[in-house]
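This report covers one protein model, moving from a single residue out to the whole chain.

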Amino acid sequence: MQAALHNVFWRTPTQAALDLVSARLEDREVWQGLIRQRAEYQNNPDNFRRLSIHQQRLFTDRIKLLDEKIDQDRTLLYFPFPQQTAFHTTRLHNDKTAPAGKAVLAKTRIADCGNRSGKTIAGSVEAIWWASGTHPYIFTPQAPMTVWFVCLDHSHSRDINKPIFDTFLPIASVWNAQARTWKLPNGSEIVLKSQEAGRTKFQGGDIPLIVWDEEGVDPEESKKIFEECVVRTWDKSGQVVMTLTPIEQY
């Protein structure tokens with residue numbers, strides 16, 4: 001089915017494409033149910049001991065498969081809050097110039113939340129789902145692709161953003177410290193971009209997804225960088241996804 005969907009435009013997915021996304025979500029729910037079950041047995045070992053020997057062996061075999069699956073997709077360890085799920089599933093906005101009842105795909109998606117609300121994790125996982133071609137909620141452009149993740153500055157990306165990606169990227173992903181880029185097993189790349197590097201570092205390239213985590217210190221420079229990012233998504237009909245804290249925003 002993946003090969004048949006290779007030329008499907010992501011903004012107007014076919015029913016087959018939407019069915020594929022639904023299948024991903026169902027598969028994800030099965031694996032995450034097993035993760036919850038393992039945690040329950042770890043917290044209450046007596047419940048596991050009450051299983052028959054046959055049931056214990058079946059469960060142990062399933063756990064071996066689960067560990068292999070997690071190595072390939074560590075976002076299975078991400079259990080989104082309802083607000084995070086809403087963020088991942090929202091990609092439409094109402095356009096008054098469009099025909100009545102016609103929903104138009106948004107150019108920009110924004111999660112505007114307080115500190116420690118999980119918005120940066122949600123934005124990071126969003127980038128991973130696009131790059132890995134495993135988004136369980138929406139149909140995305142065909143992988144492999146290059147995704148930009150725009151950070152506040154170098155120290156912020158080192159101390160906050162990179163550890164989140166290291167937690168959720170496939171175990172076989174390779175980090176290039178000089179280029180500040182991860183290479184995923186499927187050939188996609190996720191690039192950490194720092195706003196403190198300036199607008200010129202955001203020129204060039206056709207990028208289907210740019211995730212922007214927090215506004216920069218300089219309002220004018222931040223605006224110029226944002227405009228560059230929007231231009232970078234034009235040829236791919238892509239999106240800019242923003243995760244912001246509602247404090248002194250411009």
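The model is predicted: local features need pLDDT of at least 70 and side-chain atom pairs count only at pLDDT 80 or more, while totals for chains, interfaces and linings use all residues. Residues are numbered from 1 along each chain as its sequence is written, and side-chain values use heavy atoms, with hydrogens and water left out.

His 88 belongs to helix H4, residues 82-89 (helices are DSSP runs of H or I with at least four residues, strands are runs of E with at least two, and both are numbered from the N terminus). Apart from neighbours within four places in sequence, His 88 is in contact with Tyr 78, Arg 109, Ala 122, Glu 126, Trp 129, His 135, Tyr 137 and Ile 138 (contact means heavy atoms within 4.5 Å).

## H4 against H5

The axes of H4 and H5 are 10 Å apart, and the two helices pack at an angle of about 40 degrees (axes are lines fitted to C-alpha atoms, for helices over the stretch in contact, and angles run from 0 to 180 degrees between N-to-C directions). H4 is therefore oblique to H5 (angles under 35 degrees count as roughly parallel, over 145 as roughly antiparallel, 65 to 115 as roughly perpendicular and the rest as oblique).

On the H4 side, Gln 84, Phe 87 and His 88 meet Ala 122, Gly 123, Glu 126 and Trp 129 of H5.

## Helix H1

H1 runs over residues 15-43, which is 29 residues. From first C-alpha to last it reaches 42 Å, close to the 42 Å expected (1.5 Å times one less than the number of residues).

Buried residues of H1 include Arg 24, Arg 28 and Arg 38, along with Trp 31 and Tyr 41. The buried residues of H1 pack against helices H2 (45-49), H3 (53-72) and H5 (119-132).

## Cysteines

Cys 151 counts as buried because its relative accessibility is 0%. Cys 229 is also buried, with a relative accessible area of 0%. The disulfide count is 0 (a disulfide is a pair of cysteine sulfur atoms within 2.5 Å).

## The whole protein

The protein has 7 helices and 9 strands. Of its 250 residues, 44% count as buried. Among contacts with a separation of 6 or more, 68% are between residues 24 or more positions apart.

How values were computed
Buried means under 20% relative accessible area, exposed over 50%, partly exposed in between (1.4 Å probe, protein chains only).
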